[in-house]
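Biologist: I would like to learn how to read helix packing, chain contacts and cores in a model, one feature at a time. Could you take me through them slowly?

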Amino acid sequence: MAEPTDWTLRVDQVVKVFNNKVRANDGLTLHVEPGEVYGLLGPNGAGKTTLVKQIIGLLKPDGGSISLGPHDLVADPDAARQLCSYLPQAQMPINSFRAREAIDITGMIRGGASALVKRRRDELIDALELGEWRDTFGVRLSGGVKRLVGFVMATVLPGRIVILDEPTNDVDPRRRRLLWDQVRHLGEEGVAVLLVTHNVIEAEKAVDRLAIIDEGRLLAEGTPSSMKSTDRGRLRLQVMMTPGADTPDLLPFVQQYTRVGNNLMTVIDETEAAHAIGWAQELVGLGLAEEYALGSTTLEDVYIRMTGDIEAPAVTGS
Amino acid sequence: MTSQTLRSGPAYWWRSYLAMLRWDLTSLRMVLPITVLVLSLAGGGFVLAVDLFFGQVPEEAALYVSTGVLVITLVTIGLVLAPQLIAQQKIEKTYDFLWSLPVPRTTAAFSWITTNLIIGLPAMTLALVVAVLRYDLPLHVTPMILPAVLLVVFTGTMIGYALAHAVAQPMVTMVISQVLIFVIIGFSPINFPADQLPGWLASAHEWLPFAPMADAIRAAITKGVVPNVARSYLMLGAWAVISVAVTAAVLGRRK
(Lines give C-alpha, C1' and ligand atoms only; values in the text may rest on other atoms or scores of the structure.)
Protein backbone atom coordinates (compact mmCIF):
# COMPACT_ATOMS: atom_id res chain seq x y z
CA MET A 1 0.00 0.00 0.00
CA ALA A 2 1.27 3.45 -0.85
CA GLU A 3 2.51 5.60 1.98
CA PRO A 4 0.07 8.38 2.80
CA THR A 5 1.39 11.75 1.66
CA ASP A 6 2.95 13.89 4.34
CA TRP A 7 1.33 17.29 3.84
CA THR A 8 3.70 19.24 6.09
CA LEU A 9 4.43 22.83 5.05
CA ARG A 10 8.19 23.19 5.03
CA VAL A 11 9.69 26.65 4.95
CA ASP A 12 13.47 26.24 4.92
CA GLN A 13 16.05 29.01 5.16
CA VAL A 14 13.85 31.44 3.25
CA VAL A 15 15.53 34.72 2.37
CA LYS A 16 13.70 37.64 0.79
CA VAL A 17 15.53 40.87 0.09
CA PHE A 18 13.59 43.80 -1.35
CA ASN A 19 14.98 46.38 -3.76
CA ASN A 20 15.70 48.75 -0.91
CA LYS A 21 18.09 46.10 0.52
CA VAL A 22 15.75 45.36 3.42
CA ARG A 23 16.10 41.70 4.38
CA ALA A 24 12.40 41.10 5.03
CA ASN A 25 13.03 37.38 5.60
CA ASP A 26 16.50 36.43 6.69
CA GLY A 27 16.87 32.66 6.76
CA LEU A 28 13.45 31.69 8.14
CA THR A 29 12.78 28.04 8.82
CA LEU A 30 9.52 26.64 10.13
CA HIS A 31 7.39 23.57 9.59
CA VAL A 32 3.62 23.32 10.00
CA GLU A 33 2.08 19.88 10.19
CA PRO A 34 -1.38 18.85 9.00
CA GLY A 35 -3.93 19.45 11.72
CA GLU A 36 -1.72 21.93 13.49
CA VAL A 37 -2.67 25.51 14.31
CA TYR A 38 0.59 27.41 14.06
CA GLY A 39 0.92 31.02 15.14
CA LEU A 40 3.28 33.42 13.42
CA LEU A 41 3.81 36.32 15.77
CA GLY A 42 5.89 39.41 15.37
CA PRO A 43 5.69 43.18 15.42
CA ASN A 44 4.81 45.34 12.42
CA GLY A 45 7.44 44.94 9.72
CA ALA A 46 8.75 41.66 11.17
CA GLY A 47 8.38 39.92 7.81
CA LYS A 48 5.22 37.90 8.46
CA THR A 49 3.21 39.04 5.43
CA THR A 50 6.28 38.76 3.19
CA LEU A 51 6.59 35.11 4.20
CA VAL A 52 2.89 34.48 3.58
CA LYS A 53 3.08 36.02 0.10
CA GLN A 54 5.94 33.68 -0.76
CA ILE A 55 3.98 30.65 0.46
CA ILE A 56 0.97 31.52 -1.70
CA GLY A 57 3.13 32.23 -4.73
CA LEU A 58 2.77 36.01 -4.99
CA LEU A 59 6.43 36.68 -4.18
CA LYS A 60 9.50 34.64 -5.02
CA PRO A 61 12.13 33.97 -2.37
CA ASP A 62 15.72 35.01 -3.07
CA GLY A 63 16.92 31.93 -1.24
CA GLY A 64 15.71 28.82 0.54
CA SER A 65 12.77 26.57 -0.27
CA ILE A 66 9.06 26.29 0.45
CA SER A 67 7.19 23.05 -0.06
CA LEU A 68 3.83 21.60 0.86
CA GLY A 69 3.79 17.84 0.78
CA PRO A 70 5.30 16.76 -2.54
CA HIS A 71 4.86 20.20 -4.15
CA ASP A 72 7.59 22.80 -4.49
CA LEU A 73 5.56 25.98 -4.00
CA VAL A 74 8.33 28.25 -5.29
CA ALA A 75 8.61 26.41 -8.61
CA ASP A 76 4.86 25.85 -8.93
CA PRO A 77 2.86 28.91 -7.83
CA ASP A 78 -0.21 27.42 -9.51
CA ALA A 79 -0.10 24.53 -7.04
CA ALA A 80 0.51 27.04 -4.24
CA ARG A 81 -2.69 28.89 -5.11
CA GLN A 82 -4.71 25.67 -5.26
CA LEU A 83 -3.35 24.20 -2.03
CA CYS A 84 -3.43 27.34 0.13
CA SER A 85 -6.52 29.26 1.21
CA TYR A 86 -5.80 32.81 2.22
CA LEU A 87 -7.59 35.41 4.32
CA PRO A 88 -5.62 38.63 3.82
CA GLN A 89 -5.39 41.36 6.40
CA ALA A 90 -7.17 43.83 4.09
CA GLN A 91 -10.94 43.48 3.81
CA MET A 92 -12.30 41.30 1.02
CA PRO A 93 -13.50 43.19 -2.11
CA ILE A 94 -17.13 42.12 -1.71
CA ASN A 95 -19.06 45.40 -1.52
CA SER A 96 -21.43 44.44 -4.31
CA PHE A 97 -21.81 40.80 -3.23
CA ARG A 98 -24.44 39.44 -0.90
CA ALA A 99 -22.62 37.63 1.91
CA ARG A 100 -23.76 34.19 0.75
CA GLU A 101 -22.90 34.95 -2.89
CA ALA A 102 -19.35 35.94 -1.98
CA ILE A 103 -18.97 32.63 -0.15
CA ASP A 104 -20.60 30.55 -2.90
CA ILE A 105 -18.55 32.08 -5.71
CA THR A 106 -15.32 31.60 -3.75
CA GLY A 107 -16.30 27.96 -3.20
CA MET A 108 -16.95 27.64 -6.94
CA ILE A 109 -13.58 29.25 -7.69
CA ARG A 110 -11.97 26.67 -5.38
CA GLY A 111 -13.59 23.95 -7.48
CA GLY A 112 -16.28 22.86 -5.03
CA ALA A 113 -19.47 21.17 -6.18
CA SER A 114 -22.39 23.51 -5.69
CA ALA A 115 -24.27 21.34 -3.18
CA LEU A 116 -21.16 20.81 -1.05
CA VAL A 117 -20.28 24.50 -1.06
CA LYS A 118 -23.82 25.48 -0.06
CA ARG A 119 -23.90 22.95 2.75
CA ARG A 120 -20.53 24.11 4.13
CA ARG A 121 -21.59 27.75 3.70
CA ASP A 122 -24.74 27.17 5.75
CA GLU A 123 -22.82 25.27 8.44
CA LEU A 124 -20.29 28.07 8.81
CA ILE A 125 -22.91 30.83 8.71
CA ASP A 126 -24.75 29.05 11.53
CA ALA A 127 -21.59 28.31 13.51
CA LEU A 128 -20.48 31.96 13.38
CA GLU A 129 -24.04 33.26 13.94
CA LEU A 130 -24.06 35.26 10.71
CA GLY A 131 -27.58 34.22 9.67
CA GLU A 132 -29.09 37.69 9.82
CA TRP A 133 -26.56 38.98 7.25
CA ARG A 134 -26.60 36.13 4.75
CA ASP A 135 -28.42 38.22 2.11
CA THR A 136 -26.88 41.57 3.04
CA PHE A 137 -24.62 43.32 0.53
CA GLY A 138 -20.97 43.65 1.56
CA VAL A 139 -21.15 47.42 1.42
CA ARG A 140 -23.68 47.37 4.29
CA LEU A 141 -21.77 44.94 6.51
CA SER A 142 -19.86 46.18 9.55
CA GLY A 143 -16.10 45.64 9.53
CA GLY A 144 -16.33 42.70 11.91
CA VAL A 145 -19.09 40.89 10.03
CA LYS A 146 -17.26 41.46 6.74
CA ARG A 147 -14.18 39.95 8.34
CA LEU A 148 -16.16 36.87 9.36
CA VAL A 149 -17.62 36.54 5.86
CA GLY A 150 -14.02 36.71 4.61
CA PHE A 151 -13.14 33.91 7.02
CA VAL A 152 -15.96 31.78 5.62
CA MET A 153 -14.80 32.57 2.06
CA ALA A 154 -11.31 31.37 2.97
CA THR A 155 -12.50 28.21 4.70
CA VAL A 156 -15.65 27.16 2.85
CA LEU A 157 -13.49 24.75 0.86
CA PRO A 158 -10.09 24.93 2.55
CA GLY A 159 -6.88 23.87 0.83
CA ARG A 160 -4.24 21.79 2.63
CA ILE A 161 -3.27 24.90 4.52
CA VAL A 162 -5.37 27.88 5.55
CA ILE A 163 -3.50 31.14 6.11
CA LEU A 164 -5.33 33.64 8.28
CA ASP A 165 -3.87 37.13 8.60
CA GLU A 166 -5.36 38.81 11.67
CA PRO A 167 -8.72 36.99 11.33
CA THR A 168 -10.34 38.53 14.40
CA ASN A 169 -9.72 42.20 13.59
CA ASP A 170 -12.91 44.19 14.31
CA VAL A 171 -14.79 41.03 15.36
CA ASP A 172 -16.86 41.17 18.56
CA PRO A 173 -15.64 39.08 21.53
CA ARG A 174 -18.45 36.55 21.33
CA ARG A 175 -17.93 35.78 17.65
CA ARG A 176 -14.16 35.74 18.18
CA ARG A 177 -14.72 32.67 20.31
CA LEU A 178 -16.91 31.11 17.64
CA LEU A 179 -14.23 31.85 15.05
CA TRP A 180 -11.51 30.21 17.18
CA ASP A 181 -13.77 27.15 17.53
CA GLN A 182 -13.89 26.92 13.75
CA VAL A 183 -10.12 27.31 13.53
CA ARG A 184 -9.73 24.39 15.94
CA HIS A 185 -12.25 22.47 13.88
CA LEU A 186 -10.15 22.98 10.75
CA GLY A 187 -7.23 21.47 12.63
CA GLU A 188 -9.34 18.47 13.61
CA GLU A 189 -10.17 17.97 9.94
CA GLY A 190 -6.46 17.69 9.20
CA VAL A 191 -5.99 21.14 7.69
CA ALA A 192 -2.88 23.03 8.70
CA VAL A 193 -3.62 26.57 9.87
CA LEU A 194 -1.04 29.33 9.75
CA LEU A 195 -2.25 32.17 11.93
CA VAL A 196 -0.55 35.52 11.46
CA THR A 197 -1.19 37.99 14.25
CA HIS A 198 0.16 40.42 16.76
CA ASN A 199 -2.62 39.55 19.14
CA VAL A 200 -0.53 37.47 21.51
CA ILE A 201 -3.23 36.92 24.12
CA GLU A 202 -5.62 35.37 21.60
CA ALA A 203 -2.87 33.40 19.91
CA GLU A 204 -1.84 31.85 23.22
CA LYS A 205 -5.25 30.22 23.53
CA ALA A 206 -5.69 29.26 19.90
CA VAL A 207 -2.41 27.79 18.68
CA ASP A 208 -0.66 24.47 19.12
CA ARG A 209 2.75 25.95 18.39
CA LEU A 210 4.02 29.35 17.47
CA ALA A 211 7.02 31.21 16.20
CA ILE A 212 8.04 34.70 17.20
CA ILE A 213 9.83 36.51 14.40
CA ASP A 214 11.37 39.94 14.22
CA GLU A 215 13.43 41.67 11.54
CA GLY A 216 12.98 38.64 9.29
CA ARG A 217 14.52 36.20 11.75
CA LEU A 218 13.07 33.49 13.96
CA LEU A 219 13.52 34.48 17.60
CA ALA A 220 11.80 31.49 19.20
CA GLU A 221 9.55 28.58 18.35
CA GLY A 222 7.58 26.16 20.50
CA THR A 223 4.32 25.52 22.30
CA PRO A 224 2.91 28.45 24.29
CA SER A 225 3.80 26.75 27.57
CA SER A 226 7.35 25.89 26.48
CA MET A 227 7.80 29.52 25.44
CA LYS A 228 6.74 30.61 28.89
CA SER A 229 9.02 28.12 30.62
CA THR A 230 11.80 30.71 30.69
CA ASP A 231 9.39 32.77 32.78
CA ARG A 232 8.94 30.08 35.40
CA GLY A 233 9.39 31.60 38.82
CA ARG A 234 8.18 34.98 37.62
CA LEU A 235 4.85 36.70 38.12
CA ARG A 236 3.07 39.55 36.43
CA LEU A 237 1.99 42.48 38.59
CA GLN A 238 -0.40 44.78 36.77
CA VAL A 239 -1.04 48.20 38.31
CA MET A 240 -3.75 50.53 36.99
CA MET A 241 -2.30 53.98 37.62
CA THR A 242 -4.56 56.90 38.48
CA PRO A 243 -5.01 59.03 35.34
CA GLY A 244 -2.33 61.69 35.32
CA ALA A 245 -0.07 59.93 37.83
CA ASP A 246 3.57 59.53 36.77
CA THR A 247 5.19 56.11 36.65
CA PRO A 248 6.49 55.64 40.22
CA ASP A 249 10.09 54.79 41.04
CA LEU A 250 10.37 51.09 40.40
CA LEU A 251 11.85 48.93 43.10
CA PRO A 252 14.75 46.59 42.26
CA PHE A 253 12.54 43.48 42.15
CA VAL A 254 10.80 44.74 39.01
CA GLN A 255 12.56 42.82 36.24
CA GLN A 256 10.67 44.26 33.30
CA TYR A 257 7.91 46.79 32.80
CA THR A 258 5.65 48.27 30.14
CA ARG A 259 3.32 51.20 30.53
CA VAL A 260 0.51 51.69 28.04
CA GLY A 261 -1.76 54.58 29.02
CA ASN A 262 -2.52 54.07 32.71
CA ASN A 263 -1.75 50.37 32.60
CA LEU A 264 1.62 49.55 34.19
CA MET A 265 2.63 45.92 33.62
CA THR A 266 5.57 44.60 35.57
CA VAL A 267 7.26 41.22 35.74
CA ILE A 268 8.63 40.25 39.16
CA ASP A 269 10.33 37.27 40.76
CA GLU A 270 7.76 35.12 42.60
CA THR A 271 9.83 35.19 45.80
CA GLU A 272 9.25 38.94 45.89
CA ALA A 273 5.46 38.64 45.63
CA ALA A 274 4.82 39.84 49.18
CA HIS A 275 7.04 42.92 48.72
CA ALA A 276 5.44 43.67 45.42
CA ILE A 277 1.91 43.51 46.82
CA GLY A 278 2.97 45.80 49.66
CA TRP A 279 4.39 48.27 47.14
CA ALA A 280 1.25 48.16 44.99
CA GLN A 281 -0.99 48.63 48.05
CA GLU A 282 1.09 51.64 49.00
CA LEU A 283 0.59 53.17 45.54
CA VAL A 284 -3.18 52.67 45.89
CA GLY A 285 -3.04 54.17 49.39
CA LEU A 286 -1.21 57.24 48.09
CA GLY A 287 -3.82 57.66 45.36
CA LEU A 288 -1.23 57.07 42.62
CA ALA A 289 -2.89 53.83 41.52
CA GLU A 290 -6.50 52.67 41.41
CA GLU A 291 -6.07 48.90 41.57
CA TYR A 292 -3.61 46.10 40.99
CA ALA A 293 -3.62 42.43 40.08
CA LEU A 294 -1.03 39.70 40.50
CA GLY A 295 -0.99 36.71 38.18
CA SER A 296 1.17 34.30 36.23
CA THR A 297 3.15 35.71 33.35
CA THR A 298 1.62 35.40 29.90
CA LEU A 299 2.95 34.81 26.44
CA GLU A 300 2.67 38.54 25.94
CA ASP A 301 5.36 39.15 28.56
CA VAL A 302 7.65 36.72 26.75
CA TYR A 303 6.81 38.34 23.42
CA ILE A 304 7.51 41.85 24.63
CA ARG A 305 10.79 40.82 26.18
CA MET A 306 11.87 39.13 22.94
CA THR A 307 10.81 41.75 20.46
CA GLY A 308 11.29 44.81 22.68
CA ASP A 309 8.27 45.93 20.79
CA ILE A 310 6.17 48.97 21.38
CA GLU A 311 2.83 48.45 19.66
CA ALA A 312 1.09 51.37 21.36
CA PRO A 313 2.68 54.52 22.74
CA ALA A 314 4.36 52.85 25.67
CA VAL A 315 7.43 52.92 27.81
CA THR A 316 9.28 49.70 28.39
CA GLY A 317 12.31 48.75 30.35
CA SER A 318 13.93 46.00 32.31
CA MET B 1 -14.10 18.66 2.85
CA THR B 2 -10.84 20.11 1.63
CA SER B 3 -9.74 20.76 -1.93
CA GLN B 4 -6.87 18.34 -1.78
CA THR B 5 -6.00 17.29 -5.28
CA LEU B 6 -4.57 19.58 -7.91
CA ARG B 7 -6.96 20.33 -10.72
CA SER B 8 -5.94 20.75 -14.35
CA GLY B 9 -7.22 20.30 -17.89
CA PRO B 10 -9.99 21.88 -19.99
CA ALA B 11 -12.81 21.22 -17.48
CA TYR B 12 -10.81 22.99 -14.76
CA TRP B 13 -10.17 25.91 -17.12
CA TRP B 14 -13.84 26.21 -18.13
CA ARG B 15 -15.17 25.99 -14.57
CA SER B 16 -12.63 28.59 -13.43
CA TYR B 17 -13.58 30.86 -16.31
CA LEU B 18 -17.28 30.65 -15.42
CA ALA B 19 -16.53 31.26 -11.74
CA MET B 20 -14.34 34.28 -12.52
CA LEU B 21 -16.96 35.65 -14.91
CA ARG B 22 -19.51 35.39 -12.13
CA TRP B 23 -17.05 37.09 -9.78
CA ASP B 24 -16.38 39.95 -12.24
CA LEU B 25 -20.03 40.53 -13.12
CA THR B 26 -21.05 40.47 -9.44
CA SER B 27 -18.20 42.84 -8.55
CA LEU B 28 -19.46 45.32 -11.12
CA ARG B 29 -23.15 44.73 -10.42
CA MET B 30 -23.68 48.17 -8.84
CA VAL B 31 -22.09 50.05 -11.75
CA LEU B 32 -22.80 47.75 -14.70
CA PRO B 33 -26.25 49.06 -15.74
CA ILE B 34 -25.23 52.68 -15.32
CA THR B 35 -21.98 52.11 -17.23
CA VAL B 36 -23.85 50.53 -20.16
CA LEU B 37 -26.33 53.41 -20.07
CA VAL B 38 -23.72 56.16 -19.92
CA LEU B 39 -21.64 54.54 -22.64
CA SER B 40 -24.69 54.12 -24.87
CA LEU B 41 -25.79 57.71 -24.33
CA ALA B 42 -22.24 58.92 -24.91
CA GLY B 43 -21.96 56.93 -28.15
CA GLY B 44 -25.37 57.91 -29.50
CA GLY B 45 -24.92 61.43 -28.15
CA PHE B 46 -21.59 61.86 -29.92
CA VAL B 47 -23.17 60.94 -33.26
CA LEU B 48 -25.98 63.48 -32.73
CA ALA B 49 -23.67 66.16 -31.32
CA VAL B 50 -21.55 66.20 -34.47
CA ASP B 51 -24.70 66.83 -36.48
CA LEU B 52 -25.87 69.61 -34.16
CA PHE B 53 -22.44 71.22 -34.12
CA PHE B 54 -21.86 71.32 -37.87
CA GLY B 55 -25.44 71.55 -39.10
CA GLN B 56 -24.72 69.81 -42.38
CA VAL B 57 -22.43 66.76 -42.17
CA PRO B 58 -21.05 65.42 -45.48
CA GLU B 59 -21.75 61.74 -46.07
CA GLU B 60 -18.09 60.68 -45.78
CA ALA B 61 -17.68 62.51 -42.45
CA ALA B 62 -20.94 61.02 -41.18
CA LEU B 63 -19.71 57.57 -42.13
CA TYR B 64 -16.40 58.10 -40.29
CA VAL B 65 -18.06 59.46 -37.15
CA SER B 66 -20.75 56.79 -37.07
CA THR B 67 -18.33 53.91 -37.48
CA GLY B 68 -15.56 55.45 -35.38
CA VAL B 69 -17.80 55.93 -32.41
CA LEU B 70 -18.40 52.18 -32.35
CA VAL B 71 -14.73 51.62 -31.65
CA ILE B 72 -14.84 54.17 -28.85
CA THR B 73 -17.80 52.43 -27.20
CA LEU B 74 -16.03 49.08 -27.51
CA VAL B 75 -12.61 49.98 -26.13
CA THR B 76 -13.31 52.67 -23.52
CA ILE B 77 -14.06 50.11 -20.84
CA GLY B 78 -11.05 47.91 -21.56
CA LEU B 79 -8.59 50.75 -22.00
CA VAL B 80 -9.84 53.15 -19.35
CA LEU B 81 -12.12 51.48 -16.80
CA ALA B 82 -10.05 48.29 -16.46
CA PRO B 83 -6.76 49.99 -15.59
CA GLN B 84 -8.61 52.19 -13.12
CA LEU B 85 -10.29 49.23 -11.45
CA ILE B 86 -7.01 47.37 -11.13
CA ALA B 87 -5.32 50.52 -9.82
CA GLN B 88 -8.12 50.73 -7.27
CA GLN B 89 -7.48 47.13 -6.22
CA LYS B 90 -3.83 47.97 -5.66
CA ILE B 91 -4.76 51.01 -3.55
CA GLU B 92 -7.27 49.05 -1.47
CA LYS B 93 -4.83 46.14 -1.14
CA THR B 94 -7.31 43.63 -2.53
CA TYR B 95 -5.08 42.97 -5.56
CA ASP B 96 -3.13 40.26 -3.71
CA PHE B 97 -6.27 38.43 -2.68
CA LEU B 98 -7.63 38.41 -6.23
CA TRP B 99 -4.35 37.09 -7.62
CA SER B 100 -4.14 34.43 -4.93
CA LEU B 101 -7.37 32.83 -6.19
CA PRO B 102 -6.79 29.28 -7.43
CA VAL B 103 -7.65 29.76 -11.10
CA PRO B 104 -5.50 29.73 -14.25
CA ARG B 105 -4.42 33.32 -14.95
CA THR B 106 -5.86 33.14 -18.46
CA THR B 107 -9.37 32.55 -17.11
CA ALA B 108 -9.20 35.87 -15.24
CA ALA B 109 -8.17 37.62 -18.46
CA PHE B 110 -10.86 35.94 -20.59
CA SER B 111 -13.50 36.62 -17.98
CA TRP B 112 -12.53 40.28 -18.09
CA ILE B 113 -12.65 40.37 -21.90
CA THR B 114 -16.12 38.81 -21.77
CA THR B 115 -17.22 41.42 -19.24
CA ASN B 116 -15.97 44.14 -21.58
CA LEU B 117 -17.97 42.65 -24.45
CA ILE B 118 -21.09 42.51 -22.29
CA ILE B 119 -20.71 46.21 -21.49
CA GLY B 120 -19.55 47.36 -24.93
CA LEU B 121 -21.93 45.50 -27.26
CA PRO B 122 -25.22 47.17 -26.24
CA ALA B 123 -23.58 50.60 -26.37
CA MET B 124 -22.09 49.85 -29.78
CA THR B 125 -25.43 48.64 -31.11
CA LEU B 126 -27.29 51.68 -29.87
CA ALA B 127 -24.72 54.07 -31.34
CA LEU B 128 -25.04 52.31 -34.69
CA VAL B 129 -28.85 52.48 -34.62
CA VAL B 130 -28.76 56.20 -33.82
CA ALA B 131 -26.27 56.80 -36.64
CA VAL B 132 -28.36 54.91 -39.19
CA LEU B 133 -31.55 56.74 -38.16
CA ARG B 134 -29.89 60.14 -38.24
CA TYR B 135 -27.71 59.97 -41.34
CA ASP B 136 -29.38 57.27 -43.43
CA LEU B 137 -25.96 55.70 -44.00
CA PRO B 138 -25.21 53.28 -46.85
CA LEU B 139 -24.16 50.48 -44.46
CA HIS B 140 -23.16 47.08 -45.71
CA VAL B 141 -22.90 44.79 -42.68
CA THR B 142 -20.91 41.60 -43.34
CA PRO B 143 -20.14 38.61 -41.10
CA MET B 144 -16.67 40.15 -40.66
CA ILE B 145 -18.29 42.29 -37.96
CA LEU B 146 -17.91 39.32 -35.59
CA PRO B 147 -14.13 38.82 -35.82
CA ALA B 148 -13.66 42.59 -36.01
CA VAL B 149 -15.57 43.25 -32.77
CA LEU B 150 -13.92 40.33 -30.99
CA LEU B 151 -10.42 41.36 -32.04
CA VAL B 152 -10.99 45.02 -31.19
CA VAL B 153 -12.34 44.19 -27.75
CA PHE B 154 -9.64 41.58 -27.14
CA THR B 155 -6.82 43.92 -28.12
CA GLY B 156 -8.25 46.97 -26.36
CA THR B 157 -8.85 45.01 -23.17
CA MET B 158 -5.44 43.36 -23.20
CA ILE B 159 -3.64 46.68 -23.75
CA GLY B 160 -5.48 48.10 -20.74
CA TYR B 161 -4.75 44.94 -18.78
CA ALA B 162 -1.04 45.03 -19.60
CA LEU B 163 -0.90 48.69 -18.68
CA ALA B 164 -2.64 48.11 -15.34
CA HIS B 165 -0.44 45.20 -14.32
CA ALA B 166 2.87 46.48 -15.67
CA VAL B 167 2.75 49.95 -14.11
CA ALA B 168 3.39 49.49 -10.40
CA GLN B 169 2.06 52.88 -9.28
CA PRO B 170 -1.76 52.99 -9.40
CA MET B 171 -1.84 56.78 -9.76
CA VAL B 172 0.40 56.64 -12.83
CA THR B 173 -1.89 53.99 -14.35
CA MET B 174 -4.88 56.27 -13.83
CA VAL B 175 -3.15 59.22 -15.49
CA ILE B 176 -2.05 57.14 -18.49
CA SER B 177 -5.55 55.75 -19.00
CA GLN B 178 -7.00 59.28 -18.91
CA VAL B 179 -4.49 60.46 -21.50
CA LEU B 180 -5.30 57.43 -23.66
CA ILE B 181 -8.99 58.21 -23.94
CA PHE B 182 -8.14 61.82 -24.78
CA VAL B 183 -5.81 60.68 -27.57
CA ILE B 184 -8.31 58.14 -28.88
CA ILE B 185 -11.24 60.54 -29.12
CA GLY B 186 -9.44 63.66 -30.24
CA PHE B 187 -6.21 62.73 -31.97
CA SER B 188 -6.71 59.36 -33.64
CA PRO B 189 -7.92 58.67 -37.15
CA ILE B 190 -10.95 56.91 -35.73
CA ASN B 191 -13.63 59.53 -36.32
CA PHE B 192 -11.96 61.14 -39.32
CA PRO B 193 -9.48 60.13 -42.06
CA ALA B 194 -5.79 60.06 -41.17
CA ASP B 195 -4.92 62.72 -43.77
CA GLN B 196 -6.65 65.32 -41.59
CA LEU B 197 -3.95 64.82 -38.93
CA PRO B 198 -0.50 66.47 -39.00
CA GLY B 199 1.92 64.26 -40.96
CA TRP B 200 3.98 63.07 -37.97
CA LEU B 201 0.88 62.08 -36.02
CA ALA B 202 -0.57 60.27 -39.01
CA SER B 203 2.71 58.34 -39.35
CA ALA B 204 2.66 57.46 -35.65
CA HIS B 205 -0.85 56.11 -36.05
CA GLU B 206 0.34 53.70 -38.70
CA TRP B 207 1.95 51.79 -35.84
CA LEU B 208 -0.54 52.46 -33.06
CA PRO B 209 -3.53 50.15 -32.57
CA PHE B 210 -6.34 52.73 -32.74
CA ALA B 211 -6.59 53.34 -36.50
CA PRO B 212 -6.49 49.58 -37.23
CA MET B 213 -9.34 49.08 -34.74
CA ALA B 214 -11.43 51.65 -36.58
CA ASP B 215 -10.51 50.23 -40.00
CA ALA B 216 -11.39 46.67 -38.99
CA ILE B 217 -14.84 47.74 -37.76
CA ARG B 218 -15.41 50.10 -40.69
CA ALA B 219 -14.44 47.49 -43.27
CA ALA B 220 -16.95 45.05 -41.78
CA ILE B 221 -19.96 47.38 -42.12
CA THR B 222 -19.20 49.53 -45.16
CA LYS B 223 -18.19 48.96 -48.76
CA GLY B 224 -15.18 50.57 -50.46
CA VAL B 225 -14.19 52.85 -47.56
CA VAL B 226 -11.23 50.86 -46.21
CA PRO B 227 -8.73 49.93 -48.93
CA ASN B 228 -6.45 47.52 -47.08
CA VAL B 229 -8.00 45.84 -44.07
CA ALA B 230 -5.49 42.99 -44.00
CA ARG B 231 -2.79 45.28 -42.62
CA SER B 232 -5.21 46.46 -39.89
CA TYR B 233 -5.84 42.89 -38.79
CA LEU B 234 -2.11 42.22 -38.77
CA MET B 235 -1.43 45.31 -36.67
CA LEU B 236 -4.22 44.48 -34.26
CA GLY B 237 -2.95 40.92 -33.99
CA ALA B 238 0.55 42.21 -33.25
CA TRP B 239 -0.73 44.55 -30.55
CA ALA B 240 -2.78 41.73 -29.05
CA VAL B 241 0.28 39.47 -28.92
CA ILE B 242 2.45 42.20 -27.41
CA SER B 243 -0.07 43.02 -24.68
CA VAL B 244 -0.66 39.37 -23.86
CA ALA B 245 3.10 38.86 -23.65
CA VAL B 246 3.57 41.89 -21.39
CA THR B 247 0.71 40.82 -19.10
CA ALA B 248 1.98 37.23 -18.95
CA ALA B 249 5.49 38.43 -18.19
CA VAL B 250 4.31 40.76 -15.42
CA LEU B 251 1.96 38.25 -13.81
CA GLY B 252 4.37 35.37 -14.33
CA ARG B 253 7.38 37.20 -12.97
CA ARG B 254 7.00 37.21 -9.22
CA LYS B 255 9.05 39.91 -7.60
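Modeller: Let us begin with handedness: a crossing is left-handed if the near helix is turned anticlockwise from the far one by less than a right angle, and right-handed if clockwise. Helices (H or I, at least four residues) are DSSP runs, numbered from the N terminus. This is a predicted model, in which local features need pLDDT of at least 70 and side-chain atom pairs count only at pLDDT 80 or more, while totals for chains, interfaces and linings use all residues. Residues are numbered from 1 along each chain as its sequence is written, and chains are lettered from A, with ligands numbered from 1, in the order in which they are written.

Biologist: At what angle do helix H3 and helix H9 of chain B pack, and how far apart are their axes?

Modeller: In general, two packed helices are described by the angle between their axes and the distance between the axes. Axes are lines fitted to C-alpha atoms, for helices over the stretch in contact, and angles run from 0 to 180 degrees between N-to-C directions. Here H3(B), residues 59–91, and H9(B), residues 210–221, pack at about 125°, with axes 9 Å apart. The two are therefore oblique to each other, since angles under 35 degrees count as roughly parallel, over 145 as roughly antiparallel, 65 to 115 as roughly perpendicular and the rest as oblique. Their crossing is right-handed.

Biologist: What is the handedness of the crossing of H9(B) and H10(B)?

Modeller: That crossing is left-handed. H10(B) spans residues 229–252, and its axis lies 8 Å from that of H9(B), at an angle of about 130°, which makes H9(B) oblique to H10(B).

Biologist: How many residues of chain A are in contact with chain B?

Modeller: Two residues are in contact if their C-beta atoms, placed from the backbone, lie within 7 Å. By that rule, 30 residues of chain A are in contact with 29 residues of chain B. Helix H2 (77–83) and helix H3 (99–109) of chain A each supply at least two residues of the side that touches chain B.

Biologist: Which residues touch the most other members of the largest nonpolar core?

Modeller: A nonpolar core is a set of buried Ala, Val, Leu, Ile, Met, Phe, Trp, Tyr and Cys residues joined through C-beta atoms within 7 Å, where buried means that 20 or more other C-beta atoms lie within 10 Å of a residue's own. In this core of 142 residues, they are A:Val149, A:Ile161, A:Ile163, A:Val193, A:Leu195 and B:Val152. H3(B) gives the largest share, 17 residues.

How values were computed. Buried ≥ 20, exposed ≤ 12 C-beta atoms within 10 Å, placed from the backbone.
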